[in-house]
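Subject: Structure handover

Hello,

Here is the structure I said I would pass on. My notes on its charged side chains follow below.

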Amino acid sequence: MEVYFDNAASTKVLEPVKDIVLKVMTEDYGNPSAKHRKGMIAEQYVKEAAEIIADTLKVAPKDILFTSGGSESNNMALIGTAMANKRSGNHIISTGIEHPSVYNPLAYLEEQGFTVTYLSVDGNGNISLEELEQAIRPETILVSVMYVNNEIGAVAPVEAISKVIKKKNPAILFHVDAIQAYGKFVIRPKRQGIDLLSVSSHKIHGPKGIGFLYIDPRVKIRPLIYGGGQQRGLRAGTENVPGVAGFGVAAKFMYTDHEKKMSAMTELKDYMIERLQEIDGVTVNSQKGNLSSPQIVSASFLGIRSEVLLHALEDKGIYVSSGSACSSNHPGVSGTLVGIGVKKELLDSTLRFSFGVFSTKDEVDTCIDTLKELLPILRRYQRG
C-alpha cells in the first residue's frame, strides 16, 4: 500500500479538477482579454471561479485577485501594502513561526528601511495578545500572522488578533497567510477583521501554480507586476485560466459538506496522535481536536535524524515531510520547532504527517506498523 501523508506540501488533484483543466487547455483555450467568442468563454471561467471562491468567504468576487500561488500572494500582501502605505509608517509586526514566503519579503522590506517586530510563541505555537498589543506603535502599518502553522498545525486566533489591532489603531492592516487554513476552516474575512488573505490551490486538491489574494476594497496596495492592466491593474499578465477554473472546482468541493469532511480529518489526526504515542521515544508536537488544524501532525523521534527516517519510510512506500516542502531542500533548524521549545536533540529528528480528504485509518495503521518496525533498526544503526 502506498501512503501519501505529505498533503500539507501538495495534494492529488480531484478528477473533476483534472477534467476542467484539460478542457480549458484543449478546447476553451482563448485569451480572456480577447474580444471574440473564445476570449469571452475563457473570461467566463475566470468570473465563475472568482464567484465560487468569493462565496466560500462571503466577500465580493471583485476582491479576489488571482496569483501564481501562495508565495506570490504573501509577497503582494506584504510588499504591495508596505510600499503603498509607507507615508503612514514603517513598522510591521509578524511572528517567529512564519513561512519563508513571509519571512523573506519582510527581510527585503527591512532592507528598504522598514522595521519588523517578531512576536514569540508559547509551546503550542500561540502568540500572546498582550505582547501584540505592546508591540503596536504609532508608526505600525501592517500585522501579518499565519492562520495555521505549516509545520505543527497551530491555529492562530485571528479574530481576537484583529480586535487587538483595530482597537489600538483601525488603520493598521491585518494580513493572514491562510495557505494551510483555507478549505480546512470556515473563514469570514469581514467578520474576522481580515484585510488581506493569502491562499494556494494545490493545498486543497487543486492545480499547482494558482492562488489568490483577498484584498479588502479599503486596502491601499501597489502591484508587483506591471504590464497589460489585467485584474484591474493589480496584476498584469494573462490569467492562468486552466488553473483558475480548476481552483474554482476544488474550492467548491472542499466547502461542500465541509463540516463532515473536516470532522473526519480531525478524527484521523487524533487517531494518528494516539497511535504515535504508543511508540517509545516519540514526542508529538501537535494537539488533538480543535486545538490544532485537522490535517497536520508533527512528531519527533528521539535518536534518529529526520532525513534518515523520511527515506526509510519512502523505501516502504510511505511519503512524509521533514519540514516545509517549500524550503526543505535548504537544510537548517526549524524556526517553528525552536520557537515552541522543542528540545535541541529533537530539532533534527522531527517529521510532519499531513492528511488530505482521501486519507484513511488503514493508511495510518500501515504507517504506524512500519514505524514500529523501522525505529529499533534505525536506532541501532545510528548508534553504530
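Glu-15 and Lys-18 form a salt bridge through their side chains, at 3.0 Å from N to O; the term means a side-chain nitrogen of Lys or Arg within 4 Å of a carboxyl oxygen of Asp or Glu. The two residues sit 3 apart in helix H1 (residues 15-26), about one helical turn. Helices are DSSP runs (H or I, at least four residues) and strands likewise (E, at least two), numbered from the N terminus. Glu-15 is partly exposed at 48% relative accessibility, and Lys-18 is partly exposed at 42%. Here buried means under 20% relative accessible area, exposed over 50%, and partly exposed in between (1.4 Å probe, protein chains only).

This is a predicted model: local features need pLDDT of at least 70 and side-chain atom pairs pLDDT 80 or more, while totals for chains, interfaces and linings use all residues. Residues are numbered from 1 along each chain as its sequence is written, and side-chain values use heavy atoms, leaving out hydrogens and water.

The structure holds 19 salt bridges. One of them joins Lys-23 and Asp-28 at 2.8 Å, N to O; Lys-23 is partly exposed at 34%, whereas Asp-28 is buried at 10%. Another pairs Asp-216 with Arg-218 at 2.9 Å, N to O. Asp-216 is buried, with 2% relative accessibility, but Arg-218 is exposed, with 71%. Salt bridges also link Arg-275, Glu-278, Asp-365, Asp-369 and Lys-372 in a network.

Regards
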